[in-house]
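Hi,

Here is the structure I promised to send over. Have a look, and then read on for some notes on its side-chain contacts.

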Amino acid sequence: CYSNLSRLDSALGNFNQAYKDYKIYIIYRDSLVNEDNTKKTVQAQMKYEFDKKESLTKAEQDKKDAVTAEEKRKQNVITYSVSGGLFLVLLLALFIFRGYWQKQKANKELAEKNILIEKSKHIIEEKNKDITDSINYAKRIQRAMLPHRKDIWAAFPQSFVLFKPKDIVSGDFYFFHKKNESFVIAACDCTGHGVPGAFMSMIGSDKLEDAVLLSSDTSEILSLLNKGVKTALKQSEEDVKSTRDG
């Protein structure tokens with residue numbers, strides 16, 4: 001209002017009154033501005049205090065939340081660590097128990113196998129002894145069928161006999177026969193060795209003895225021997241499956 005009065009007085013030429021109105025306008029204006037500034041300052045101060053308090057409250061709450069979160073994290077770490085440790089211990093115990101159980105099982109199986117092996121070994125040793133005793137007895141029979149070396153030495157004083165069977169009994173044999181003023185002597189190698197060879201040597205020795213009694217011709221003796229062996233073993237030219245031992 002005073003601002004408008006000042007402009008009105010100035011327009012009417014009443015400059016003194018316009019100046020007074022203007023001064024009053026300035027006083028009220030400054031007063032209002034100061035009051036408004038004071039209000040704004042107070043409001044700003046109050047807002048600052050409120051924001052500060054709220055910030056402090058928020059910071060305190062954030063700090064509490066951070067502490068709570070850290071404690072929770074630590075608690076989780078401890079829980080997980082303890083759980084993981086217990087799981088590892090349990091797993092280790094399981095592996096140890098499994099290994100122990102497998103070892104016990106393996107030891108039991110090994111012990112059972114050792115018992116079976118010992119039994120088998122005992123049976124084999126007994127069978128081997130029986131077979132060896134039988135072969136040694138066969139050796140005595142085979143030796144008895146061989147000619148006496150003293151008869152050979154009587155006919156051939158400078159001679160010797162080398163007879164070394166490979167498997168106790170022999171698939172080879174030597175032969176000597178005196179016929180009138182002649183001597184028939186042979187070193188024979190039969191098919192096979194060991195027990196089968198020994199059978200062949202006994203057959204060969206027997207059939208050679210028969211052949212010598214029937215002929216004095218070497219070729220004829222060998223032919224008769226061949227026929228005698230074939231007859232003894234039931235060999236024939238037609239039967240392709242027959243053995244060719246000789």
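Aspartate 30 is partly exposed, at 33% relative accessibility (buried is under 20% relative accessible area, exposed over 50%, partly exposed in between, with a 1.4 Å probe and protein chains only). Its partner in a salt bridge is arginine 29, with 3.3 Å between the closest N and O atoms; arginine 29 is partly exposed too, at 36%.

Before I go on, a word on the source: this is a predicted model, where local features need pLDDT of at least 70 and side-chain atom pairs count only at pLDDT 80 or more, while totals for chains, interfaces and linings use all residues. Residues are numbered from 1 along each chain as its sequence is written, and side-chain values use heavy atoms, leaving out hydrogens and water.

The count of salt bridges (a side-chain nitrogen of Lys or Arg within 4 Å of a carboxyl oxygen of Asp or Glu) comes to six. Among them is glutamate 70 with arginine 73, at 2.7 Å from N to O. These two are three residues apart in helix α2 (residues 15–145), so about one helical turn separates them (helices are DSSP runs of H or I, at least four residues, and strands runs of E, at least two, numbered from the N terminus).

There are also five aromatic pairs (ring centres of Phe, Tyr or the six-membered ring of Trp within 6.5 Å; planes under 30 degrees apart are stacked, over 60 edge-to-face, the rest tilted). Phenylalanine 163 and tyrosine 174 pair edge-to-face, 5.5 Å centre to centre with 80 degrees between the planes, and both are buried.

Best wishes
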